[in-house]
Amino acid sequence: MTQDFIDFDLPSVRPRDPGYTSAFVMAMCNQKGGVGKTTTAINLGAALGELGRKVLLVDLDPQGSLSVGLGVSPQDLHASVYDLLMDPHANANDIIITTKTPHLDLLPANIHLSAAEVQLVSEVAREHTLTRVLEPLKPNYDVILIDCSPSLGLLTVNALTSADGVLIPLESEFFALRGVALLTETISKVQERLNSKLELVGIVGTMYDGRTVHNREVVDRVRDAFGDLVFSTMIRRTVKFPETTVAGEPITTYAPTSSGAMQYRELAREVIDRCPAV
């Protein structure tokens, strides 16, 4: 779809399976920066909220891009996810921010989080620190989405250890494709050593431009390698995504009739279809 705005009907609420009473934790992970990971976390979370899910977004990137993308100024935070990781007595309810977007809460981050990588090294069970933070929050949400930093360091390992599933946003570009093998190897190691329940929910192509041969070839190679793990929905390039960052809100509310908003709604439906617990 090439036009930027289209007519649409708001998605009908899809009830969650009543057999699941605790949040499904999903890590948004890719060690390469600039692949649309934070954009996907924000907009997938908002789209899941439209489908009736109560969503907590966890900013696990010291750059605080997820927080900025939801209109929060990281330098003005009195406390952040860093405090929860380093202080067992910190109260998450004092730090979680209720956003303007319905059904969407935020656990924010700022530059202080960069110190956690070093400080956690000497901690006992250091890979399970985030699990301790999220466990008491899980009954309050249907889905917890973790926006990981663009690295495979200790914070990302914490995210994978605490998660039920991992979603990989993949830019439709050759150099982004090269890093997927390293990422899937890390996921396999976490599965073997730290979190046997972790599953790869899928790979979503981002920044896609079907007019270019290169983008189409990259998508074909990913589909050949990963088959049905690649989502049918492709997130296409649009000028609306940078605008939403400035506005501090998801594209589903900033430009609700845009093609980008519709694509994230379709992705949310695919995630629900793949994961009964979502």
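Figure 1. Helices (H or I, at least four residues) and strands (E, at least two) are DSSP runs that are numbered from the N terminus. Residues are numbered from 1 along each chain as its sequence is written, and side-chain values use heavy atoms, with hydrogens and water left out. The model is predicted, and for that reason local features need pLDDT of at least 70 and side-chain atom pairs count only at pLDDT 80 or more, while totals for chains, interfaces and linings use all residues. Thr-186 belongs to helix H8, which covers residues 180-193. Its relative accessible area is 15%, so Thr-186 is buried (buried means under 20% relative accessible area, exposed over 50%, and partly exposed in between, with a 1.4 Å probe and protein chains only). When neighbours within four places in sequence are left aside, Thr-186 is in contact (heavy atoms within 4.5 Å) with Leu-152 and Leu-160.

**Figure 2. Helix H9 and the elements around it.** Helix H9 runs through residues 213-226 and has 14 residues. From the first C-alpha of H9 to the last, the helix reaches 20 Å, which is close to the 20 Å expected at 1.5 Å a residue (the expected span is 1.5 Å times one less than the number of residues). Asn-215, Val-218, Val-219 and Val-222 are buried in H9. Seen down the axis of H9, the buried residues fall within an arc of 95 degrees, so they line one face of the helix; the arc is that of the directions from the helix axis to the C-beta atoms. The buried residues of H9 pack against strand S6 (165-171) and helix H7 (174-178), and also against strand S7 (199-208) and strand S8 (230-236). Just after H9 comes Gly-227, which takes a positive phi of about 55 degrees.

**Figure 3. Leu-85 and the nonpolar cores.** A nonpolar core is a set of buried Ala, Val, Leu, Ile, Met, Phe, Trp, Tyr and Cys residues joined through side-chain atoms within 4.5 Å. The largest such core has 48 residues, and those that touch the most other members are Leu-60, Leu-85, Leu-113, Leu-134, Ile-144 and Ile-146. Not counting residues up to four places away in sequence, Leu-85 touches Leu-60, Leu-113, Ala-116, Thr-129, Leu-130, Arg-132, Val-133 and Leu-155.

**Figure 4. Lys-138 in a loop.** Lys-138 has its place in the loop between helix H5 (129-134) and strand S5 (143-148).
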